[in-house]
Amino acid sequence: MFKILKKEDLSEQITLFDIEAGDIARKAKPGNFFILRTHEQGERIPLTIADFDADRGTITTVFQKVGKTTHHMGTLNKGDFITDVIGPLGNHSHIENFGRVICVGGGVGIAPVYPIAKALKETGNTVTSIIGARTKSILFWEEKMRNVSDDLIITTDDGSSGAKAVVTVPLEDILRNDKVDLVIAIGPAIMMKFVCKTTEKYRVKTIVSLNSIMIDGTGMCGGCRVEIGGETKYTCVDGPEFNGHEVDFDLLMNRLQAYIPEENIAMNQTEEKVEVKYNEINKRRKKSKAQSADEGAASPCAG
Ligand code: FAD
Ligand code: FES
Ligand code: MG
């Protein structure tokens, strides 16, 4: 059992926990993640280690309430316990003095970019950070990011804080005018895709941290598979960081949406009703598979 030592709502949808997890805190490095299960019947979900304190034996996580498990986490309080926490998982970020680095964090992606920006700054890089969100009320950690950056640029879609723009606008301004050695981008898949499209034009190496659906987190289930440079890789053991210019983002985005009907049901229904709905969905899937097999057999191109 892992105790929640601190809870802070960073915005209406985004919450921070400090969790007592000494063994993980002592081994964690920027870029690692962990998997938790809130209770015995709970699903396993991966979250990034947004900060860690080896002396206090704590890890910090920042999560966005998007579905059943993260909403359930939002109901937990300081002093409550999380049943299982395993980690640190994944490869840690490669930190060295690259020179001029731009760290881009979008939405809840600001949290995982923070420890990387901090480590890069401590290693002597010149760090420009660009953080963006839809609107001011869901932006967080401006001061924390400022403290680990030489420059901080803020963007919001509606202009309620910083520039009214998406993160790629200031990014392209910098790339057009200055020499940049590395870009690191963490956020929604669509944001990372467009960051990579932008940096590709200027041939600047770009690292992204992928958020594919995970189950075991140890390379055994295949759930987190992604395509990198035409090869299958597993985000949990080969990543989560990859060369962004090699990522098949469209495949990633498709796979992220694979269970939306089930996730919606889980969010809206009681456990018992979920079971009934799952059976319905499985029946529908079997029926449509059988139909497409029939159609395939009837087609002149079949086989
Ligand atoms: P659901 O309604 O079940 O799912 C909402 C969406 O989240 C889904 O459509 C799917 O795209 C994604 N998702 C669902 N289940 C999983 C799963 N088992 N694994 C991965 N994605 C899933 N989110 C944060 O808010 N903060 C973080 O620091 C963070 N770090 C992550 C690090 C990694 C390496 C990965 C892979 C994901 C990370 N995520 C993070 C995403 C987080 O795991 C999902 O938002 C969470 O699992 C959603 O669960 P849910 O039950 O609340 O929502
Ligand atoms: Fe199972 Fe990566 S989560 S292989
Ligand atoms: Mg879920």
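Residues are numbered from 1 along each chain as its sequence is written, while chains are lettered from A and ligands numbered from 1 in the order in which they are written. Because the model is predicted, local features need pLDDT of at least 70 and side-chain atom pairs count only at pLDDT 80 or more, whereas totals for chains, interfaces and linings use all residues.

Around ligand 1 there are 26 residues, of which Thr48, Gly67, Thr69, Thr70 and Glu263 come nearest (a residue is near a molecule if its C-beta atom, placed from the backbone, lies within 6 Å of it). At least three residues of this shell come from each of domain 1 (2-89) and domain 2 (100-256), with bounds taken from an automatic or database domain assignment.

In the largest nonpolar core, which has 71 residues, Phe34, Val104 and Ile184 touch the most other members; such a core is a set of buried Ala, Val, Leu, Ile, Met, Phe, Trp, Tyr and Cys residues joined through C-beta atoms within 7 Å, and buried means that 20 or more other C-beta atoms lie within 10 Å of a residue's own, all placed from the backbone. Helix 3 gives the most to this core, with 7 residues, helices being DSSP runs of H or I with at least four residues and strands runs of E with at least two, numbered from the N terminus. Domain 1 and domain 2 both contribute residues, so the core lies between them.

Strand 15 (residues 225-228) and strand 16 (residues 231-234) run antiparallel and are joined by 4 bridges, where pairing requires at least two bridges found by DSSP. Valine 226 has lysine 233 of strand 16 as its bridge partner.

Notes
A residue is buried if 20 or more other C-beta atoms lie within 10 Å of its own, exposed if 12 or fewer, and partly exposed in between; C-beta atoms are placed from the backbone.
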